[in-house]
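This briefing goes through one protein chain by topic. The sequence and the coordinates come first, and the notes follow.

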Amino acid sequence: MTEAGHAETVFDLEFCPSDRNIFASCSYDGTVRIWDSNNAKLLYVNDTLRNTPLSKEEKHIIYSVSWHPTESKLVISLSYLFRHWWEA
């Protein structure tokens with residue numbers, strides 16, 4: 001069985017430095033997805049605008065994702081120069 005991927009173009013993908021079996025991908029569709037590379041299993045989907053003040057505005061494209069060097073945290077770069085940290 002394959003997992004559902006991004007609905008739009010993927011712009012970035014990065015492996016977690018503290019667990020090389022986990023990677024994050026980000027996309028034009030406004031989501032960040034966390035994957036297990038051992039079995040191609042989707043572990044988590046974060047719609048960056050859900051439950052935020054920006055949720056009523058247009059979708060933000062996510063251009064890049066980067067892991068914290070020692071913690072399970074990500075920073076993402078979105079359109080309109082907006083940056084967001086969240087726990088993975």
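Predicted model: local features only at pLDDT ≥ 70, side-chain atom pairs only at ≥ 80, totals over all residues.

What does the count of salt bridges come to in this protein? The count comes to one salt bridge.

**Overall make-up**

- The protein contains seven strands and zero helices.
- Along the sequence the pattern reads β-β-β-β-β-β-β.
- Of its 88 residues, 35% count as buried.
- Among contacts with a separation of 6 or more, 31% are between residues 24 or more positions apart.

**The four-stranded sheet**

- An open sheet is formed by four strands in the order E1-E2-E3-E4, with antiparallel pairing.
- Strand E1 (10-16) and strand E4 (41-47) are the edge strands, and each of them pairs on one side only.
- From one strand to the next, the twist averages 20°.
- Six bridges pair E1 with strand E2 (residues 19-27) in the antiparallel sense.
- Within that pairing, Val 10 has Ser 27 of E2 as its bridge partner, and Cys 16 has Asp 19 of E2.
- E2 and E3 run antiparallel and are joined by five bridges, with Phe 23 standing opposite Trp 35 in E3.
- E3 and E4 also run antiparallel, joined by six bridges, and here Trp 35 stands opposite Leu 42 in E4.

**Hairpins and positive phi values**

- Four residues lie between E3 and E4 in their hairpin, and Ala 40 in the turn has a positive phi of about 55°.
- Most residues other than glycine have a negative phi.
- Ala 40 has a positive phi although it is a residue other than glycine.
- Ala 40 belongs to the loop between E3 and E4 and is exposed, with a relative accessible area of 51%.

**Strand E3**

- Why is E3 described as largely enclosed by the rest of the structure? The description holds because six of the six residues of E3 are buried.
- Thr 31, Arg 33 and Trp 35 point one way from E3, while Val 32, Ile 34 and Asp 36 point the other way. All of these residues are buried.

- Asp 36 lies in strand E3 (residues 31-36).
- Asp 36 is buried and has no salt bridge; Lys 41, the nearest side chain of opposite charge, is 8.2 Å away.
- A salt bridge requires a side-chain nitrogen of Lys or Arg within 4 Å of a carboxyl oxygen of Asp or Glu, so at 8.2 Å Lys 41 does not qualify as a partner for Asp 36.
- What does the side chain of Asp 36 reach? The side chain of Asp 36 reaches the backbone nitrogen of Asn 38 at 2.8 Å.
- Apart from neighbours within four places in sequence, Asp 36 contacts Asn 21, Ile 22, Lys 41 and Leu 43.
- Asp 29 is found in the loop between E2 and E3.
- Asp 29 is likewise buried without a salt bridge, and the nearest side chain of opposite charge, Arg 33, is 4.1 Å away.
- With the cut-off set at within 4 Å, the 4.1 Å separation of Asp 29 and Arg 33 is therefore not counted as a salt bridge.
- A polar atom of the Asp 29 side chain lies 2.8 Å from the backbone nitrogen of Ala 7.
- The side chains of Asp 29 and Thr 31 are joined by a polar contact of 2.7 Å.

**The salt bridge**

- The side chains of Lys 73 and Glu 71 meet in a salt bridge at 3.4 Å, N to O.
- Lys 73 is partly exposed, with a relative accessible area of 27%, and Glu 71 is partly exposed at 35%.

**Ser 66 in strand E5**

- Ser 66 is located in strand E5 (residues 62-67) and is partly exposed, with a relative accessible area of 30%.
- Not counting residues up to four places away in sequence, Ser 66 touches Glu 14, Lys 73, Leu 74 and Val 75.
- Ser 66 and Ala 24 are 42 residues apart in sequence, and their C-alpha atoms are 8.3 Å apart in space.

Methods: Residues numbered from 1 in each chain as written. Heavy atoms only, no water. Pairing = 2+ DSSP bridges. Helix = DSSP H or I, 4+ residues; strand = E, 2+ residues; numbered from the N terminus. Axes fitted to C-alpha atoms, helices over the stretch in contact; angles between N-to-C directions. Buried < 20%, exposed > 50% of the residue type's maximum accessible area, 1.4 Å probe, protein only. Lys, Arg positive; Asp, Glu negative; His and termini not counted. Polar contact = N/O pair within 3.5 Å; in protein donor to acceptor, adjacent residues only side chain to side chain. Contact = heavy atoms within 4.5 Å.
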